[in-house]
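Please find below some notes on the side-chain contacts in this structure. They are meant for a reader who has not looked at the structure before.

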Amino acid sequence: MKNELNSNLILKVYEHIRQQGQEYEEGKQFEGITAFSDPDGYTIYLKGSGVFLRFGFHNTYQFNYDKESQKADFMKKVHYIASMLDD
């Protein structure tokens, strides 16, 4: 699998959502992205725009989506949240 995902970006966005997001059914939600983890904390999940991202131990990850446009919209939101952190 081509490493197309910046692990530091995902971890920073996840943490920001967990700190700043509003409580939601599955976790915390911020700017259309929901963040949650498994009970042991080794695997984190980001969900939004029809995309489900599983990010685990040793920076392994898996995207699930139906259309490439969904992934593009999801990543746009992730980068938007990340841009808030670059102050």
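1. In this predicted model, Phe52 has a relative accessibility of 26% and therefore counts as partly exposed. A residue must fall under 20% to be called buried, and Phe36 does so, because its relative accessibility is 12%.

2. How many aromatic pairs are there? The count comes to 7. One of the pairs is made by Phe36 and Tyr45: their ring centres are 5.1 Å apart and their planes meet at 20°, so this pair is stacked. Phe36 and Tyr45 are both buried. Phe36 also pairs with Phe52, in this case in a tilted arrangement, with 6.3 Å from centre to centre and 45° between the planes.

3. Which residues form an aromatic cluster? Tyr61, Phe63, Tyr65 and Phe74 make up one such cluster. Phe63 has a further contact worth checking on the display: Lys71 lies over the face of its ring, 4.7 Å from the ring centre.

4. The next points concern charged side chains. Side chains of opposite charge can pair when their charged atoms come close. The structure holds 3 salt bridges, and they are taken in turn below.

5. Glu26 and Lys47 meet through their side chains in a salt bridge, with 2.7 Å from N to O. Where do the two partners lie? Glu26 is in the loop between β1 (22-23) and β2 (28-30), while Lys47 is in strand β4 (residues 44-48), so the pair ties together parts that are 21 residues apart in sequence. Glu26 is partly exposed, because its relative accessibility is 36%. Lys47 also counts as partly exposed, at 32% relative accessibility.

6. Glu23 and Lys28 form another salt bridge, in which the closest N and O atoms are 3.7 Å apart.

7. The remaining salt bridge joins the side chains of Lys77 and Asp73, at 3.7 Å from N to O. Both residues belong to helix α2 (residues 68-85), where they sit 4 residues apart, or about one turn of the helix. Lys77 is partly exposed, at 25% relative accessibility. Asp73 is partly exposed as well, with a relative accessible area of 32%.

8. A last point concerns Asn59, which lies in the loop between β5 and β6 (61-64). Asn59 has a relative accessible area of 42% and is therefore partly exposed. How far apart are Asn59 and His16 in sequence and in space? They are separated by 43 residues in sequence and by 18 Å in space, taken from C-alpha to C-alpha.

Terms used:
Residues numbered from 1 in each chain as written. Predicted model: local features only at pLDDT ≥ 70, side-chain atom pairs only at ≥ 80, totals over all residues. Heavy atoms only, no water. Salt bridge = Lys/Arg side-chain N within 4 Å of Asp/Glu carboxyl O. Helix = DSSP H or I, 4+ residues; strand = E, 2+ residues; numbered from the N terminus. Buried < 20%, exposed > 50% of the residue type's maximum accessible area, 1.4 Å probe, protein only. Phe/Tyr/Trp six-rings, centres within 6.5 Å; stacked < 30°, edge-to-face > 60°. Lys NZ or Arg CZ within 6 Å of the ring centre and 35° of its normal.
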